Amino acid sequence: MNQWLLILAMLTPLASALGVAVLPAARAKTVAMYGTLVALVFVLYAGFGVFSWEQSGYMQLGMDEPIRWIPSLGLEFQVGVDGISMMLVMLTALLGPICVISSFTAIKDREKTYYAWLLVLQAAMTGVFCARDLILFYICFEFTLVPMFILISVWGSTNRKKAAIKFFLYTFTGSVIALAGLVYVAWFNVHRPGIEGHVNWTFNIQTLAFASSKWMSLNQQTWVMFALLAGFAVKVPLFPVHTWLPLAHTEAPTAGSVILAGVLLKLGTYALIRFVLPFVPAAVVAYAPLIGALCIVGIIYGGLICWVQTDVKKLVAYSSVAHLGFCVLGMFALNHAGIEGSVLYMINHGLSTGALFLLIGMIYERYHTRSMKELGGLAAKMPVWATFMVFFTMASVGLPGLNGFVSEFLCVMGTYQASTAWGSGVWHTLVPQVGTTPGELGPWYAIIAGTGMIIAAMYLLYMLGKVVWGPLRLPAGHDHHGGHDAKDDHGPALPTDLSMREIGVLVPLAVLCVALGVYPKPLLEALKAPTDSLVQAANAGREKIGVEATPGERAAKGEKGAGSAQLPGSERPAGTTHLELLTPDMISPASGRPGEVTP
Amino acid sequence: MTDRLTFLYPEIALFIGTCVVMVLGLSRTLQARKASALVTGLALVVAGYMAIASTPRVGEAICPLTGICFSKGLTPGAGQLLLPQMPLYAKTLIAIVGLILLLPCAGTVDRAEEAAIASGARRFDPLRSNRAEFYAFFLFSLTGLMLCASADDLVWLFLALELTSLPTYIMVAISTSRNKSREAGVKYFFLGALGAAIFLYGFAFIYGGTGSTNLNQIARHIQDDGLNSLTLVGMLLAMLGVSFKIAAVPMHFYTPDVYEGAAPQVSGFLAFVPKTAGFISILLLAATVGWAYAPGQSGVGAMLSAGPVEPLRQSVGATQLPELLRITLWVMAALTMTVGNVLAILQTNVKRILAYSSIAHSGYMLVGVIAGPGDGTFVNSGVAAVLFYLLCYGVMNAGTFAVLAALERSPGKDGEPREIETVADLKGLCATHPQLGWSMVICSLSLLGLPPLLGFFGKLPLFTSGISANEIPLVVILALNSAIAAFYYLRLAFTPMLEKPDAGAEAIRHAPFFSRRVGAMVSAGGVIVLAIFGSALTDQATQAARVRSAEAPAGDTSAAAPPAAAHPAQPATPGPRLSKR
């Protein structure tokens with residue numbers, strides 16, 4: 001049973017999508033809701049019943065025997081999760097029913113199509129986080145585009161066509177280049193030094209991470225890193241390639257925005273943490289300042305743009321650019337605090353921003369506008385809504401005690417500490433923590449990013465002041481007393497304030513926000529093991545840079561070490577893990593290949 | 001001799017089918033005329049069965065069909081071939097895709113004529129009936145294509161190529177009763193003749209340079225004495241000529257016009273058959289100059305004895321094609337895919353979009369040609385990638401054209417139902433005609449290369465082999481082009497699914513031929529099924545991509561006898577041996 005849990009978490013939404021497509025439209029909602037709830041039960045059971053968080057550095061819950069899909073390509077169907085992916089799988093499973101339930105009144109035409117694709121999307125996203133094979137990952141990663149494209153372009157707002165196409169083209173273009181990079185890594189794996197005789201290709205993520213981090217020269221790593229970034233930075237999105245995001249967010253239907261913010265953006269950050277960091281640590285170390293700078297630009301620039309928005313949804317969309325800037329910044333700090341904060345940030349952003357999009361969707365359903373010019377003082381009219389709005393905005397701003405604070409603080413702290421160069425002189429006396437971990441960023445990055453937090457507080461509070469407080473302002477056609485004007489010719493009228501269904505959707509998110517804000521320790525402990533291996537990989541990368549004074553000259557191809565460790569993918573026992581593969585004594589070769597990596 | 005004939009059984013089956021069809025189609029009885037299509041299909045099935053049945057399997061030396069010994073893993077008659085295993089794979093592939101292409105051909109010609117006969121307005125007149133010709137030419141063309149695959153001689157190759165092409169010119173011209181088709185046919189014919197002339201001119205140079213028309217001897221000659229400039233010029237000219245068949249830059253100009261003029265099912269035929277013929281020729285030519293007998297290649301016999309997945313390792317790196325040829329192909333590939341994809345974006349006519357997409361796909365496949373056979377494994381072998389991609393492309397592309405063939409609009413001035421023209425005509429197809437609409441969606445997304453559909457698995461080996469051959473810039477161009485292609489494939493895929501038909505737009509309806517719909521659905525199903533169970537096919541493609549090698553395999557008598565031993569008379573045999581100039 002245990003080995004099928006993840007497969008079930010993927011197949012249940014798929015099966016219910018099929019059910020939705022076959023059964024009459026009236027049943028679509030119910031089937032979709034139960035489908036996602038059952039998937040949630042599976043995932044919760046997997047997470048709390050089976051998955052062992054103490055050893056979360058291992059890939060767990062995999063099938064006993066991988067299904068050999070196309071052996072001549074080395075393609076396998078194998079799933080498995082470590083602490084990071086388990087958390088994201090749980091986030092995905094949690095947002096599933098929330099998206100379905102929140103769409104009950106919002107979606108009125110072509111319900112079957114809508115719920116079917118929503119469920120397919122759910123399955124594909126779960127697949128991304130569970131995949132242990134590179135190509136399986138890529139298949140799921142790419143396939144998320146189709147349902148999202150459909151959701152945006154059919155049920156979106158006025159400009160939906162353009163938004164959908166822009167979304168598809170941006171991400172598709174990036175990811176085919178990333179595919180070339182990933183294939184190069186797989187090619188490298190069978191042509192790395194120390195391979196004698198014929199070795200079958202493999203796309204096993206751990207094998208490839210081991211091979212490429214260890215043997216690839218800095219020059220090769222750099223190319224691979226930029227190829228991967230082309231695909232994954234678009235998805236995150238990082239600063240220069242973020243322009244699809246606000247449009248897609250603004251035009252998407254509410255559930256689409258929730259999934260987009262909650263999970264789809266996390267595909268990018270997850271791919272960074274799963275591929276870029278372990279595959280090409282040396283290049284990551286070398287270019288961390290550049291990425292950090294891009295993140296900071298994203299934080300500041302995204303924040304400033306938020307400030308001038310009048311469309312509430314667009315404001316929250318741009319705030320995602322800024323927030324994910326923090327997330328990636330923490331990741332590229334390459335120390336425990338930063339990476340743990342970054343993973344936490346993924347979860348927290350999914351919760352709080354997802355909830356904000358839900359709230360905005362609720363307003364839009366009632367008043368058919370999201371403009372701050374037309375809305376104001378809603379606290380007087382919708383106190384429950386206003387309470388939730390203030391709560392989730394605070395979570396998003398990073399109010400201490402709520403979840404946003406923990407992750408943001410960890411990210412910035414990690415960034416602050418990530419510099420040995422600052423470990424001496426006046427800075428050291430001023431701030432003793434500086435220099436405790438080796439790193440490429442440092443206090444300046446943290447300080448500038450910290451102003452982003454202030455900007456975030458300003459625009460979000462400004463938005464609250466306009467929409468929630470102040471004099472009551474409603475769009476023309478909605479009187480100030482009744483509020484039942486929202487009843488259209490189709491569907492039941494919505495109550496003035498939130499209905500029980502809407503509250504029920506928001507409460508779990510709110511509870512989690514508080515819980516993770518007050519007591520994030522279990523998560524942080526679970527993240528320790530995967531973070532360890534990433535930090536070790538980064539350290540090995542630093543050593544490699546230190547050794548390779550002239551980057552790129554030592555193309556590993558063709559060099560054949562006599563007694564190097566041989567770890568051809570097909571022979572490695574199943575169940576060996578990230579952690580095992582990347583322990584320092586493995587990375588520094590015990591025999592042979594002097595000079596490649598110093599022990 | 002008997003060996004040789006055994007080898008040609010599939011072609012012979014097709015040819016017999018052709019003769020029967022030609023007679024049947026002229027019959028006065030309607031049933032007999034209708035049977036011509038069935039006989040065509042039957043001939044393809046028989047040919048396919050013969051190809052499959054005579055495909056050697058590891059550890060099985062006797063052909064189940066003929067009882068003739070395979071000389072331990074080599075096909076009879078394959079002794080002289082540069083790609084000894086390729087013909088049987090190619091023939092099987094041709095038979096399968098041929099069947100899929102046949103399905104939408106129902107009722108292509110003589111529709112008005114048959115209606116008039118059925119209503120009693122006119123009596124059957126063999127002189128006015130074209131049905132027999134159409135199916136006969138269909139089979140003729142496929143016969144030529146199969147002959148291409150088994151060619152071991154330049155003259156044979158040329159004749160086979162012409163046998164493939166000549167029937168298609170007529171098929172285009174008679175495919176509809178509109179003048180546009182005739183114009184397309186004429187245009188296609190003249191440019192095709194130009195292509196053939198260039199091709200032949202190149203062959204003459206090759207003959208002059210090497211003193212032989214036998215591909216095997218040409219390859220040996222080039223390996224022994226090096227590539228002289230005469231041969232190189234010949235190769236370049238031949239490649240240029242073949243670029244017409246595969247619709248590659250610089251000979252691609254005819255493609256959109258001809259595809260637009262022909263009936264969609266015939267356009268689908270054009271997109272697969274000449275392209276396959278062209279790629280087989282390119283592979284054979286490239287094998288003579290670059291791959292066959294190259295030092296370092298492990299022997300075919302040795303490979304076979306080791307089984308399909310464990311070939312000997314060899315140095316993999318730059319391709320072994322001559323540099324000039326490699327650069328030419330490189331530029332051709334890059335230009336072909338870019339031109340095809342960029343121009344496809346500008347089109348609104350579905351058939352023109354698909355024509356440009358056909359150009360682009362040729363560019364993708366050229367990457368595999370440049371990558372070469374590598375070390376013979378599926379991941380590293382560009383040849384295997386091309387052979388596999390031909391199958392993928394054949395299946396998914398046939399689907400898009402079959403959808404177009406299965407739909408029609410109200411009759412125009414000439415009384416014939418009009419075809420689907422623009423993408424806008426496809427709006428709402430998934431709602432109005434779900435079978436066809438979803439077939440279109442699946443096939444278009446597969447052509448785009450979206451995982452997990454077949455097109456992705458076709459493209460993946462092109463990526464891997466390109467990277468294996470160190471052609472990384474080309475692979476990046478390939479990746480970028482896949483992204484450009486998203487512009488128009490998205491339109492093709494999502495217009496039927498998401499858009500609602502325009503108010504007042506004229507309704508589209510099913511063409512009254514059920515088999516056309518079946519054709520579309522078979523393709524769409526194939527796209528999904530082959531993506532899941534494709535591994536058997538990849539193994540076959542890998543086998544087929546083995547190139548004849550220099551070392552005679554050592555006497556591992558248990559498993560592999562050297563090919564030379566099986567055909568002892570071979571090295572001395574055919575071809576006039578001219579003195580070297």
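1. In this predicted model, the contact between the two chains draws on 29 residues from chain A and 31 residues from chain B. On the chain A side, strand 1, helix 5 (134-143), helix 6 (145-155) and helix 7 (160-191) each supply at least two of the residues that touch chain B. Helix 7 of chain A gives the most to that side, with 12 residues. Sorted by class, the side of chain A that touches chain B has 22 nonpolar, six polar and one charged residues.

2. Strand 1 of chain A, one of the elements that supply residues to the contact, covers residues 67-70 and pairs in the antiparallel sense with strand 2 of chain A (residues 75-77) over three bridges. Within this pairing, Ile70(A) stands opposite Leu75(A), which belongs to strand 2. The two strands of chain A form a hairpin with four residues between them, and Gly74(A), in the turn, has a positive phi of about 75°.

3. Turning to chain B, is Arg516(B) buried or exposed? Arg516(B) counts as buried because 28 C-beta neighbours lie inside 10 Å, and a count of 20 or more is what the term requires. Arg516(B) lies in helix 21 of chain B, which covers residues 514-532.

4. Leaving aside residues up to four places away in sequence, Arg516(B) touches Leu103(B), Pro104(B), Ala106(B), Ala402(B), Ala405(B), Ala406(B) and Ala511(B). As for Thr92(B), 424 residues from Arg516(B) along the chain, the C-alpha atoms of these two residues are separated by 22 Å.

Terms used: Residues are numbered from 1 along each chain as its sequence is written. Chains are lettered from A and ligands numbered from 1 in the order in which they are written. This is a predicted model: local features need pLDDT of at least 70, side-chain atom pairs count only at pLDDT 80 or more; totals for chains, interfaces and linings use all residues. Two strands pair if DSSP finds at least two bridges between them. Two residues are in contact if their C-beta atoms, placed from the backbone, lie within 7 Å. Ala, Val, Leu, Ile, Met, Phe, Trp, Tyr, Cys and Pro count as nonpolar, Asp, Glu, Lys and Arg as charged, and the others, Gly among them, as polar. A residue is buried if 20 or more other C-beta atoms lie within 10 Å of its own, exposed if 12 or fewer, and partly exposed in between; C-beta atoms are placed from the backbone.
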